Amino acid sequence: MVSLEVKHLSKTYKKKLVLNDLNFTVNKGEFLSILGPSGCGKTTLLKILIGIEKSDQGQIIKDNTDITNFDAANRGMGIVFQNYALFPNMNVLENVMYALKIKMKNKDKAKEESLKILKMVKMDQELKKYPHELSGGQQQRVAIARTLVLNPDIILFDEPMSALDADNRLTLRKELKALQTKFNTTMIYITHDQEEAFSLSDRVIVMNEGVIEQIDTPNKIFNNPKNAYVKNFVTRHLIEKVESIEKCTGIDL
Amino acid sequence: MKKFNISQFLILIFLITFVIFPLGRMLLMVKWANFGTLIASSSFKEALINSLLVTSIATIIAILIAYILAFTLNRTNIKHRAVLKLLLTIPMLIPSISHGLGLINLFGTNGLISKGLGFNIIGMPGIIIGSILYSFPIAFLMFDDGFKYIDNNLYDTAHVLGLNKWQTFKTVTFTYLKKPFLSAVFATFTMIFTDYGVPLAVGGKFITLPVFLYKEVIGLLDFSKGTMIGLFLLIPALISFLFDTFFKDYAHNNLKSKDYVIKENKLRDNVLKILTYTLITFVFILLGSFIYYAFINSPVLDHSFSLKHFDYILANNVGKYLFNSLLIALLVSILGTIIAYFCAYETARVKGKFSRLLHILAIVSLAIPGIVLGLSFTTSFKSTFLHNTFTILIIVNIIHFFASPYLMAYNALQKINPNFEMVAKTCNISLFKIIKDVIIPNTKITIREMFSYFFVNSMITISAVTFLYNTKTMPLALLINNYEGNLMLGEAAIISLIILIINIILKLGIYLINRYESRKDAYEYNI
Amino acid sequence: MKKLWCLLGFLILLTGCAKDDSIVIYSSMEEERNQVLKEQLANKFPDLDVVVQAIATGNSAAKIKSEGTSVEADIVIDLETAHMEDIKDNFANLSSFDDSIYLDGVNTEDNYFTWVKYTMNLIIDEEYFQKHNLDIPKTYEDLLKKEYKNLIAMPDPKTSGTGYAFFLNTVNIMGEDKAVEYFKKLKENIREFTTSGSGPTNLLKQGEIAIAMGMTAQGVEAINAGYNFKIVELKTGSPYNTTSFGIIKGREEKENVREVFEWLMNDFGKFDKENYMPDIILKDQNNQVKNYPSNLKDADMTGIDSVSVKEKLTEMWEKVNG
């Protein structure tokens, strides 16, 4: 079932065509990554999807409703930023409760809901801690909890793991995947890390300079790259990996 | 977001009405035909040269002292840093004219110290010393702040690369301190160049430009000539302001830096400690002279203990003037902080097509000497309802002191995570709520600093308000001019002390609040 | 947050609180005379709120010139006559007031009356002179002697009527160019050109100088207070000047202003002159000031009341570099 449909989306910024006639769909419960190098337009795309910026052309249709001109608050989407943007002056519980409290106008109910979600992301033992006392991974979990508690249909991620070290990234990838399966929320994930995109996603959109090069499952992209760019992009990482293994082990693969 | 931004618009209107309009109007009233005569006149030339000479010397010495102090507090193992810092900024808490009076008390022809030693500092030396006294704390604070943003990893790098002390200073310290250093130089120069309190008290026949302006306006009622002279006072301030706006400062991009490891050096520490304490002692001797003069009958005739000066000021409504000053200072602080904060919010976080203009307007008040601002307000608003009210005094003070608190807020707001507003948007939280619940709590310290800056400066200012007050609204500081003119040094000393005590109470209060809060929430420093 | 708004509102309300039925007097007299005025006002008009605002003569004139008839002052006293001339259009016509208390010819204008005439002389620190064995100056030329270096103070002719009077006198004696030359040389010995007329006497009291070119009355007051000073009249006589007083145009209709003005002229004014500024301008003036020199002769003050002369001389003063 199609949850989100993007049709002929274009955006020009300072005379440069940042997004060039994008067309794609996102299925319900799907984990979709948008993969590309810095400057390819993926962050702009994210901002337009979530409603912080407006496209010059095109439509966004969610659950059969045209939300192109909807306010960010009314799109039923949540967002997790690269630096998580947790409120530094509130503890874990307060961070998660904040928006819900305003929406529900009932502090106790909001607290109840928040505790539920926090338990699910395994942060219920750190309720009184402040963001600066949490590790990067813990902060990410709280950031996700903060969006989940508002029950969005789609959660967008803006390169949330780029600030973490390799170990943490692996752990968090596993957790994120587990959460997605549990909540069955549609997730759109922006990243420049091919390994990350491939390991997490059901499908991947490979983007380059405002254009979609290929949309497919990781497997298909890997085995059937549509064009030279995709091929290079994918294999380059693989080659780097092989080279580093060769160096470490001394074996010529 | 091209929506019409009403708060930006309102602040813009406010700044245009009270900065551009009065200045423009004043400039239009100038009789430009006389400009040539003015700059050719020998008294003008003398005043200009005197000003340049005395300001240059005082600036160099003040900057040197300020740097040494900042170095001492940041790079040596001296104890009680916070207390020393507080003590060193005490000279900022009294009007500049009080510094002049204090110097006369100590070093005038009949001064407490100079009488026995047979010299006096009236004239150029007096102006230099007095100017250094009120300007070094401000330069010191700028350097002190600058030290905080140096990336200390670079020192290790320099060490590894084998750079010697001088090279390290050049490539690391000075690179980061360049902007604060130049800012401090310009700010100090401008401050001293445009001050008339010290030269009036202690300058003797050594006339400087601001005194020349004052005499033209007060003596000859020549507003046109006064404005033309005022233009010259604007020049260093304008340069200072242009520099601040356009000079890139990459030091402030450093959010986290590891702590500098201070090396052991007992000799260095002891020498600098002595210098620091000597300076503080000198400041306290100056304040002590006020206390002395407050309690003696007469400085020349009879040094016996007397409370008559206290009796006099109590019998002459000191309470009313104190009330006026407090009322003005409080309203200036509250309203000024709010306006400056929201202005900075607009330019630092909202941006938009007016934000560049807003930014420049907000800082341009740095460039306008108080006496010129006051003059422009008088000529522009005298036939309006603002005339002779507290309101106009409050507004002129807000404008006069706007730039620094605005920049404090601007810098703080820029550092806050830029995504909070987007989080708010996507979670359907109103902008107002997110400002109230997240942005403001995370800039609490800055807000308190802004409040403190507005308050202290409102209490000590005499320049802008000197043309705008009337019997009902007269602030306390202006009494000092009155008493000094009548040789009532005891009374002048008492008023200076009252202002000092009130400012100390405020600063102490804010200091204690900050300390209490930093123990409660450590988050303030970890945005 | 609510507390903040309440506080703000309260403070703003406070700014509006001010009585508006008070009568405001701008006075350029010294503190002591102002004090006496306040006391006598309280006695004579206990039910009225009369505010005496001390304000230097230059400031007073500047405010009136800038604000016109909307200035807060209702009555202005002790304003340098030259300033008053300049701004007299802001003052009410006084022909309905009876100024017969004055000697004939003293009041020549419709918009203001003379407040005081004051002479000026050298006031010297006798103790200093004796200690350093200095000769007492007798002429302007004497003041140029090297032994007086940095020991003299004179009010600035630009800002003080006293200073201007000295200057005008020397111009009348020596001629314009020689007078400028003279002051250029005298500057060597001058410690300061003070802003106010009482500046030199104040510096003398502080022990900062030894010769004050100042008001006779202030010198005498200091002597009576115990300072070891002496009044020295130059051979060319005592320069003099006058101050004036008046009612701001429109305020003569304000309640009680007429009454207060008349009292100022006839009662306090007389008291003030007899006790502080004894140079005779009233018909029946019994001076009470002890030790006031009784045989001062007027110096040549031609042009003292002329605005055009003042403008010309002020421009000339620029050449003295001061």
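How do the residues of the lining of the largest cavity divide into nonpolar, polar and charged? I found 20 nonpolar, 23 polar and 7 charged.

**Ground rules**

I am working with a predicted model, where local features need pLDDT of at least 70 and side-chain atom pairs count only at pLDDT 80 or more, while totals for chains, interfaces and linings use all residues. Residues are numbered from 1 along each chain as its sequence is written, chains are lettered from A and ligands numbered from 1 in the order in which they are written, and side-chain values use heavy atoms, with hydrogens and water left out.

**Entry: cavities**

I searched for cavities, meaning sets of points on a 1 Å grid over the protein atoms alone where a 1.4 Å probe fits but cannot get out; lining residues have an atom within 4 Å of a point. Points are joined across faces, edges and corners, and a volume is the space filled by probe spheres set on the points. My count came to 11 cavities of 30 Å³ or more.

The largest cavity holds about 990 Å³ of space. It has 50 lining residues, and the closest to its centre are Gly485(B), Ala56(C), Thr195(C), Ser196(C) and Ser198(C). Helix α23 of chain B (residues 477-485) gives the largest share of this lining, 5 residues. Helices here are DSSP runs (H or I, at least four residues), as are strands (E, at least two), numbered from the N terminus.

Next I looked at the second largest cavity, with about 120 Å³ of space. Its lining includes Tyr312(B), Asn482(B), Glu31(C) and Lys38(C). I noted that α23 of chain B, and α2 (31-44) and β2 (50-54) of chain C, each supply at least two of its lining residues.

**Entry: where chains C and B meet**

I then turned to the contact (heavy atoms within 4.5 Å). It takes 60 residues from chain C and 55 residues from chain B. The buried area, which is the accessible area (1.4 Å probe) that two parts lose on being put together, summed over both, is about 4,900 Å² here, and carbon and sulfur atoms give 57% of that.

I counted 1 salt bridge between these chains, that is, a side-chain nitrogen of Lys or Arg within 4 Å of a carboxyl oxygen of Asp or Glu. The partners are Glu46(B) and Lys187(C), with their closest N and O atoms 3.1 Å apart.

Key: 1 Å grid on protein atoms, 1.4 Å probe; cavity = no way out; pocket = protein on both sides within 12 Å on 5 of 7 lines; lining within 4 Å. Nonpolar A, V, L, I, M, F, W, Y, C, P; charged D, E, K, R; others polar.
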